[in-house]
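These are my notebook entries on one structure. I wrote down what I looked up, in the order I looked.

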Amino acid sequence: MDGDYFGSIEEFTLPLRDGELVDFRPVKQNDKETLQKGMLALSSKSRYFRFFSPILKLSDTQLCDFTEIDQQNHVAWIALAHNEPEDRGLGIARFIRIQDRPEIAEFGVAVIDSYQRRGLGTILLAVLHRMASIKGIEILRGYVLADNTVMSNWLGRLGAVGVHENGVYRMDLTVSDDLFSSKCRKILTDCDLKHNSQDLQKSVFSTRIN
Ligand SMILES: CC(C)(COP(=O)(O)OP(=O)(O)OC[C@H]1O[C@@H](n2cnc3c(N)ncnc32)[C@H](O)[C@@H]1OP(=O)(O)O)[C@@H](O)C(=O)NCCC(=O)NCCS
């Protein structure tokens with residue numbers, strides 16, 4: 001992956017594995033309604049896995065905490081349906097640097113259920129990983145419920161090391177330059193095979209993600 005790619009742009013568009021285009025950009029202050037709508041598109045299981053409780057809605061305080069951020073110590077990116085007039089949130093990922101351990105940041109990621117298993121989580125985690133690297137973070141730490149085997153197995157395959165604490169895995173993913181390069185390349189290759197379209201490849205900047 002081009003080392004400066006994610007760090008040098010403010011937004012980009014990429015295809016999922018099946019070729020559907022998705023827009024990605026940093027979270028903004030006025031994304032509160034989009035985040036709240038996104039909660040409705042998460043199943044109770046996904047909400048439970050993300051928030052450790054089956055909350056239906058984000059509180060006003062959470063909405064402020066999740067959108068009024070500095071993009072330095074608290075970094076968040078959102079995935080939006082491509083070219084839709086009204087923003088429709090498909091997924092979101094964030095990390096927050098631990099104050100007294102600035103080389104570690106805790107992260108969270110969620111993809112709405114109808115878009116899961118299509119490569120969106122991988123792109124969001126790749127963006128977080130790149131941002132963490134740019135900001136000098138050495139470890140991305142995820143807290144994963146013991147029954148969330150999709151997440152714990154996925155992080156395990158990426159090389160994260162887990163410690164079990166009271167029903168929750170604390171999983172540390174070391175930030176290393178080439179972690180996601182092959183994953184992102186595979187998403188783009190799969191997409192190209194399905195669509196056999198050079199125009200699509202050009203339109204999503206894929207040549208710069210290798
Ligand atoms: C975890 C989550 C973000 C993954 O998002 P996604 O868009 O489905 O992710 P991807 O399609 O990129 O898949 C990522 C990996 O998980 C695997 N995976 C995804 N869904 C899976 C499922 N239902 N069963 C088995 N594996 C699955 C994929 O095969 C892939 O693994 P690989 O790269 O080793 O092949 C999504 O399932 C989610 O939002 N879950 C609810 C919230 C949550 O658990 N957040 C994590 C706590 S912070």
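In which sense do strand 3 and strand 4 pair, and over how many bridges? I found that strand 3 and strand 4 (residues 89–98) pair in the antiparallel sense, over seven bridges. Strands pair here if DSSP finds at least two bridges between them. Helices (H or I, at least four residues) and strands (E, at least two) are DSSP runs, numbered from the N terminus.

Before going on, I noted the ground rules. Residues are numbered from 1 along each chain as its sequence is written. This is a predicted model, in which local features need pLDDT of at least 70 and side-chain atom pairs count only at pLDDT 80 or more, while totals for chains, interfaces and linings use all residues.

Entry: strand 3. Six of the eight residues of strand 3 (residues 74–81) are buried. A residue is buried if 20 or more other C-beta atoms, placed from the backbone, lie within 10 Å of its own; it is exposed at 12 or fewer, and partly exposed in between.

Entry: the whole chain. I noted eight helices and eight strands. Of the 210 residues, 30% count as buried.

Entry: helix 5. How many of the residues of helix 5 are buried? I found 13 of 15, so helix 5 is largely enclosed by the rest of the structure. From first C-alpha to last, helix 5 reaches 21 Å, close to the expected 21 Å. The expected span is 1.5 Å times one less than the number of residues. Just after helix 5, Gly-136 has a positive phi of about 75 degrees.

Entry: the ligand. I noted 21 residues around the ligand, the closest being Ser-46, Phe-49, Gln-116, Gly-121 and Thr-122.

Entry: confidence. pLDDT is the predictor's confidence in each residue, from 0 to 100. I noted a chain average of 85, with 81% of the residues scoring at least 70. Where does pLDDT stay under 50? I found one such stretch at residues 1–5, and another at residues 191–210.

How values were computed: Near = placed C-beta within 6 Å. Contact = placed C-beta atoms within 7 Å.
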